[in-house]
Amino acid sequence: MKAIIVSARKICASLAILVLLSTAPYLYGISEPTHKESFEPLYIPGPVALATSPTDQGDAISVTQRIMNYWFSSGIKSYSLTRSSSTKSNVLQYLNEEFTPPDDELIYWNNIGHGDKYGLYFYDGKMYYYEFENKSGITNSIIFINSCYSFENPLKNSMVSNHPDVYIGATTALPQYTSENACGNFWKYYIKDGMSPSQALEQAMEDYGLEGYFGLYEEN
Amino acid sequence: MKRTKEIITLNLLFFIIIFAYYNSTSSEDSIVITEREIYRSIYDSQSLTNNIVVYHETLILNNQKNKCVLSIKNYIPKDKYVVSEFFPAFGNSAIMNPPIKSEKDRIIESISVIPIKRICEERNKMIFDWGEIEIKPRRGIIASFVNFFSYGSSFWTEGDLDISKINIFREATINKENEKIRLDYIIQNNSSKKISNFLFSVFIPLANSKGEKILDIMEIKTSPHAKYYGEDYKYSFTDGQGNLVKGITFYIDLENLSPKDLTSLNISLKCQFLKSYNIFPSYKVKFSLNGSEKGDMFSPSSTEFLQEKKIEYISIVEYDLFLQEHSPLQIQTMGDSS
C-alpha cells in the first residue's frame, strides 16, 4: 500500500512538472505563433551611418553623440563605435559593408581620433593607409576624418582611391575641442540645414577659426 | 678547458646584456621634462589675415620611487599677452593633438593636465604660474598654455618669407599672351640647425567663391621632386580669403634640410584664362627643429625643485603654418584689358 502511495505521489509530481513546463513560455511571454505561417522580421534595407571615436579626449564622445542625433533625426540607421568597441575589425566590418542582411549601404562615416598621414589609430592599434584601399563602404559615401594629417598623402590617396562622394580630412595637427566641434557643426549644416558639403565645411571652419585646417575632396 | 671558456664567454655575455639593460633604463630613476612648442596659424576672418599662436606644453614625468615637489612658471612678454584680441587658454583647452609624449614614459601609470594657479604681471612680463605641484612616483603632469605669438605678416621680410631663419624666396610671372603661369620658390635653411619633416605646399585656387572656373590647366611642369594634386577640380581648400574653393596643390616634402642646404619648387602652368581675377596663393609650411634647446623656445618653462633631483630634459619645436600670399597673381583674359 505504501509503495502504491509513493508511486502515486511520483506520478502527481511528474504531471505537475509537465504542466509547469508547458505553461512556462506563456508565463514568460515566450509563445509559439498561433498559426504556422512563416514570420519575417520587419526590415527595410537602406543607408547606414557610422560614427567612430576610439578616443574620449576633448569633446570626442559628446560630439560623436551629437552627430548621431543629426543622423537619427534624418531617419538614417546610425551606429557608433566608441572607445573599446572602436577596434580595427569592428570598423572594417562597416567599411567592407559586411552587414547582415547584406543589402545595407554605408553612406556616412565620421571618425574622431588620433591619426597621421600614414593611418588612423583605433582602440587596438593603428590602421595603416593601405588597409583603407578597396573598401566598398567608402565608395559613394561622405567621410569626415577628424584626425591629424588625414588630408595628407598617403592616407588621403588611399581614401579617395575608393571614390567617396566627399572626403574631408585635416591638413594639419588639430587642436582639441574646437576641431571636434567644427566636425559636429559640419554635419549640422549638411544634414539639418541642407547646405552643400563644401558650404557646410566652410561655415564649420569659420565657426571655430579653423580655416585652412581641413581639405575637401569631392567626386565630380 | 673548453668548458671553462664557454662559461666565461656566457658570463661575459650575461654581463654585457645586464649592462646594456641598465644603461637603457637609466632614465627610470630620474625626472624627465619634455617641452613642446607648436607655432600655428589662426585665421581671422574679420581682417582676412593669419595670426600665429604658440601652443606650449610641459610634460614632467616622475620616474623616481619617491614623490617630487616642484613649481613651474612661464614668462611671456607683456605685449604678447593680448586678452581682448587673442585668447590665452590653459589646461585641456591648450592641448594639441597628438598629445605630447616622452620616449621615457614606459613606467608611468597616469598623466594629468594641471590647471593654472595664477597670472600676474612683473615688469615687462606676464607670469603664468602653475604653483607648487606634487608628483607621485610613476605619475606625470602636463602644464599647458596657448598664447598669441605674432601676426602672420611678421614672417614676411622684404617680400619673402623668413620663418626662424628658414627663408623662402619666390618669384611669379604671368604671360598674358601665352596664358602661362610660372612660380619659382627657393627654400634655404639659414639656421644653424637641421630641420626635419619639412613640408612646403602652395595652393592655387582654380575657381572663385561662386564656384566659377578662373582657369583651365592644359599642361603642368614641375621640378622633379615636386608633387601635386587637384588638377581634376576635385579638391577644395581655403583660399586665404575665407572661402573654400577648388584648386590645385603643389608640394615638396623632405625628411631633413641641413644648415645652408637649399631646395626648390618650380611650377610652370600652361592655362586657358577663363575669367579675370586676382588669385592669392596660400602656403603651408611645416617643419620641426632638430635638437631644439630652451633657447629655441618662445617661453621655456622655468622649473624649481625643492630638493636636488636627477633631471633629463628634452625639447621639441614645431612650426605648422598656413600663410597667405599678399601679392596676387593677376589673371586677365585676352578680352579684358582692365
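In this predicted model, 15 residues of domain 1 of chain B are in contact with 17 residues of domain 2 of chain B. The assignment gives domain 1 as 27-151 + 288-320 and domain 2 as 152-287 + 323-331. Their C-alpha centres lie 33 Å apart.

So what does the domain 1 side of that contact consist of? Strand 2 (49-62), strand 8 (139-151), strand 20 (282-289) and strand 22 (311-324) of chain B each supply at least two residues to it. Strand 2 of chain B gives the largest share, 4 residues. By residue type, this side of domain 1 splits into 5 nonpolar, 9 polar and 1 charged.

Now over to chain A, which has 6 helices and 9 strands. Of its 220 residues, 44% are buried. Take the contacts in chain A between residues at least 6 apart in sequence: 71% of them join residues at least 24 apart.

Nonpolar side chains tend to be buried together in soluble globular proteins. Here, the largest nonpolar core has 117 residues, and A:Ile143, A:Ile168, A:Phe186, A:Leu201, A:Phe214 and B:Val53 have the most contacts inside it. Helix 5 (residues 178-192) of chain A provides the largest share of this core, 7 residues. Both domain 1 and domain 2 of chain B give residues to this core, so it lies between them.

Zoom in on A:Ile168: leaving aside residues up to four places away in sequence, A:Ile168 touches A:Ile143, A:Phe144, A:Ile145, A:Leu201, A:Phe214 and A:Leu216.

Terms used
Residues numbered from 1 in each chain as written. Chains lettered and ligands numbered in written order. Predicted model: local features only at pLDDT ≥ 70, side-chain atom pairs only at ≥ 80, totals over all residues. Core = buried A, V, L, I, M, F, W, Y, C linked by C-beta atoms within 7 Å. Buried ≥ 20, exposed ≤ 12 C-beta atoms within 10 Å, placed from the backbone. Domains from an automatic or database assignment. Contact = placed C-beta atoms within 7 Å. Nonpolar A, V, L, I, M, F, W, Y, C, P; charged D, E, K, R; others polar.
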